[in-house]
Amino acid sequence: MTKVRVDENELNVDLTQSEVEWIQNALERNPSITELGMFDVMWSEHCSYKSSRPKLSLFEDAEKNYDYVLAGPGQDAGVIDIGDGYALAFRIESHNHPSAIEPYHGAATGIGGIIRDILCMGVRPIALLDPLRFGPLKGNPHSQWLFKYVVKGIADYGNCTGIPTIGGEVEFDKCFESNCLVNVACIGLGTIEDFKHAPSRAYNPGDYVVLMGGSTGRDGIHGVTFASRTLTELSEADRPAVQIGDPFTKKMIIEATLEAIKTGYVRGLKDLGGGGLSCALSELTGDGGTGAKIDMGKIFTREPNMNSYEIMLSESQERMAFIVKPEGLEEVLNVFQKFEMAHAVLGRTDDSKILRVYDGDNLVVNLPAIALSESPTIPRTEKRPDYLDQLLTEITPEPSKKLDEIIYILIASENICSKEWVYRQYDHEVGVRSVVKCGDGDSGVLRIIGTDKFIAASVGTNSKHCYLEPYEGAKEGIVEACGNVIANGAKPKAMVNCCNFGNPEKPESFWYFAEAVRGMADCCKNLRIPVVGGNVSFYNEDEVSNTAIKATPEIMIVGIIEGEDNIITLPFKEFGDDILIIGETKAELGGSEYYSVIYDLEGGIPPKVDENQIKTRWNFIQELYKKKLIKANHDVNKGGFIITIGEMCFKNELGAKLDLKDYNNYGLRDDELLFSESVGRFIIETNPRNHNEIMKLAKKFKIYVKKIGVLSQNPTIEIKGLKSGKLEIDALKMKNLYQSTIPNLMEI
Amino acid sequence: MRVKIAVLDFPGSNCDLDTIHVLNNVINIKADLVWHNYFKESKYDGVILPGGFAFGDYLRAGIIAAHSPAIDEARVMLEDGRPVIGICNGFQILTEAQFLPGALLQNDTLTFICKWVMVKVENNETAFSNKMNIGDILNIPIAHAEGRYYIENLKELEQNNQIVFRYSNENGEYTKDSNPNGSLANIAGVCNLERNCIGFMPHPERASESILSPKGTSHGKNFFYSMVDFIKKRL
């Protein structure tokens, strides 16, 4: 905090002393109180990315290097051309800090914000996905409270707006106990024409600036500066900085905005999110190379006597700013009238390159439009934490339990068990596009009505692996999310990320961020996946217990499936079929669920990613798809491949006879073989008569594929060929444990 | 003969476009999406109130919409025998408007529930079930937080044969497990005495194309075919 004297007031700002001086020099005067507040917000970490920008430049330029990328990082959302005249927009964002304080409204307004970002690209929001992180549920009422109300916040908001929530992931870990993570992602679909009509820029002088939607109130003032600090005990007092959402108004805004765009008179639009009007107006004009003259008195406020500082900085939800061609003003306003949405013409753009805001005759803001959006960057130091060397040398303890017992414990563990309790509360079917039901696939699959194309989307990352090896962990996040869409029959097309880290002012926390970005950048380059957007959330650190969260670079991948018969689901279909594993299993138990659940151990060597290998496996799978040789596919994830096989048995209550004698190239211990989390493996179901053909193709692609068993009618998983002999698992008992964990924990 | 159906669009309706899609592209009949303020009953042979959260479901699910001018238009249709159909939120509106008896209370799970369930046909002489057989078991999804049907005088409803659909298991039994929300007597849909007004909690528009159904069924179509048939017989 820096104290700045403005006229007779003394203001506490989060700007540094040198930033304040920079502003004074640039303006050649003292900023007004409102201007200072605007700089404070716009130059906060959340809006300006001042710590992260130097690192984010490691990502290759998506718009330049990939011809199908229509909009890359820096826009409200990434947009890709998916053929047939359609544009797909998507973005992921964090709403961690508000949700940690007020889970219901924090999560709800997170959804609200991400929907607006997609709407800004001129397309209809058609799906939501939410990766979440909490402390362990068992015996922890605080975590249960956060979990319950975050899910309810997402459900109430998403369901009401008529946008299906089609996917997500949840991890529970002690490090998230006081800093839960709520990341929200949204996908939008429209024609390429729709997208072209609505840039989030004001390029033309003389256009009208129109505000539409909810009224401006005192809620959420300084929400972004709040999100750019660590949580303290005082944070509870920050509750007024959490916005209140109104999904009904949001639904109206969606419809009114899309109908307004259809008139052809909207030349630009921008949502009011973090930083409120300050942010929207300065970005519209600053990035568009124009200026604007705004009459603040036209802004409809929720309460009387709000001053210019409050109005310009309010983060009241459900507001959009439109740049409208003069000749179409009336028609656009008629659309807003039809939906009974409040609106006001605030002023016009001009060629002054200066943003001027008048309160009556008083000029309260008079700033070069570009100044607000061009914050200086801050170089941060990075340092690899000393504790890692020790953690990485942990070795696998001698098994303390029988293998079958461990399998039952793992399937019932909070991170592996079914998340049905969550997705039952989400309307995942509204929009009549969801063709793979929740639980039947590794990703959410949506049809594009009127075409034979399908969108597959997945989000995720492995925080435990990232904690030990952020470079490899971030790569794994990408390979996993891609693996999920591939398992459903898609080709991965593009990636967006949401980086959740601790305090960047601490060299150890910043090292995690720097390593994760380096990992993502390298992996995406190697796999030829464009990074079309991202969001950085720092300060996920708790000053009371002095703990930072485990590094969590959430990855969202969208892919495209060409043709209905190329959609693949994960449940095993028919007994007698072969079970094949693609990829080798190595002794990579570091940061595994096995270590964590059975030994409460956080160390060991986590999995490594070999992109060349991975790429070849993906090509091989695409070849099998083309020849229609795969009946079910599931990406191997937490808990190892034995858990994967269990999950595939559940739906149709089948069993499996496995023989692992020849599937152990590295002479692993039984527990290493079964529970290792080596990256990029798949379990597939195939018809036995195709075995030779598949093995021939494997040889041609030079990849490792092994038949490890057959499906049986009897719901038992028999495992032969282990060093400790034979194992028999009751698949129905496993299913029951899988399904009952969260309902049991959440039932009061 | 052209059948013209209106899908009423309240602020907050969100299954409006889904219902229009099915009517236009699956059932292949002419249906208009009509903004509630512009709705004129004289132009239509029947009306559907789609799912969603009309007026945000503020105060109580469906109650604000139930007092809107569009419902006065729909009442004219109700009284002269044209089909008036409420799906999900539409059903809530129709009970609040007292077109239909009973009320829809919060699910006994106290949560929103989105899942595929089964319903059994109890009455096939209504504007939304005449293309079905009594005893048919249909796969169809629900998605609601307030779908627990309740009525004081269940006996009267039964005597009048006003229960059109009940939640059942695959054997057609009305069990507790097959009742997703705690509805009285597993009731999923009811009709008025004249059989032209039906309210139904599950979503037939989400069950009309086999690609959307986990079992590859398209049972939802018969609801809309019934409505079209009912209109044709009247004309």
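Author: In this predicted model, the contact between the chains takes 22 residues from chain B and 23 residues from chain A.

Reader: Which elements of chain B give two or more residues to the side that touches chain A?

Author: Helix 1 (16-26), strand 6 (113-121) and strand 7 (137-144) of chain B do. Strand 6 of chain B gives the largest share of that side, 3 residues.

Reader: Why is B:L33 called partly exposed?

Author: B:L33 has 16 other C-beta atoms within 10 Å. A residue is buried at 20 or more such atoms and exposed at 12 or fewer, so a count in between makes it partly exposed. B:L33 lies in strand 2 (residues 30-35) of chain B.

Reader: What does B:L33 touch, leaving out residues up to four places away in sequence?

Author: B:L33 touches B:V7, B:D9, B:D16 and B:I20. For B:D9, 24 residues apart from B:L33 along the chain, the C-alpha atoms are separated by 6.4 Å.

Reader: How many of the contacts in chain B between residues at least 6 apart in sequence join residues at least 24 apart?

Author: In chain B, 75% of those contacts do.

Reader: Why are strand 10 and strand 15 of chain A said to stand at the edges of their sheet?

Author: The sheet is open and holds 7 strands in the order 10-12-9-13-11-14-15 (chain A), with mixed pairing. Strand 10 (266-271) and strand 15 (362-368) of chain A each have a single partner strand, so one side of each is left without a neighbour in the sheet. Neighbouring strands are turned by 20° against each other on average, direction ignored.

Reader: How do you know that strand 10 and strand 12 of chain A pair?

Author: Pairing requires at least two bridges, and strand 10 and strand 12 (residues 319-324) of chain A are joined over 5 bridges in the antiparallel sense. In strand 12 of chain A, A:M320 is the bridge partner of A:D271.

Reader: What joins strand 13 of chain A to strand 9 and to strand 11?

Author: Strand 9 (residues 208-213) and strand 13 (residues 343-350) of chain A pair over 5 bridges, antiparallel. Strand 11 (residues 291-295) of chain A also runs antiparallel to strand 13, with 4 bridges. A:G347 of strand 13 stands opposite A:V209 and is the bridge partner of A:I294.

Reader: Which residues touch the most other members of the largest nonpolar core?

Author: Of its 316 residues, A:L88, A:F322, A:I411 and A:M556 do. Helix 21 (residues 507-527) of chain A gives the largest share of this core, 10 residues. Leaving out residues up to four places away in sequence, A:L88 touches A:V79, A:I80, A:I82, A:I187, A:L189, A:I455 and A:V558.

Reader: Where does A:I411 lie, and which residues there are buried?

Author: A:I411 is in helix 17 (residues 403-411) of chain A, where A:I406, A:I407, A:Y408, A:L410 and A:I411 are buried. The buried residues of this helix pack against helix 22 (593-599), helix 24 (641-650), strand 29 (725-730) and helix 27 (731-746) of chain A.

Definitions and conventions:
Residues are numbered from 1 along each chain as its sequence is written. Chains are lettered from A and ligands numbered from 1 in the order in which they are written. This is a predicted model: local features need pLDDT of at least 70, side-chain atom pairs count only at pLDDT 80 or more; totals for chains, interfaces and linings use all residues. Two residues are in contact if their C-beta atoms, placed from the backbone, lie within 7 Å. A nonpolar core is a set of buried Ala, Val, Leu, Ile, Met, Phe, Trp, Tyr and Cys residues joined through C-beta atoms within 7 Å. Axes are lines fitted to C-alpha atoms, for helices over the stretch in contact, and angles run from 0 to 180 degrees between N-to-C directions.
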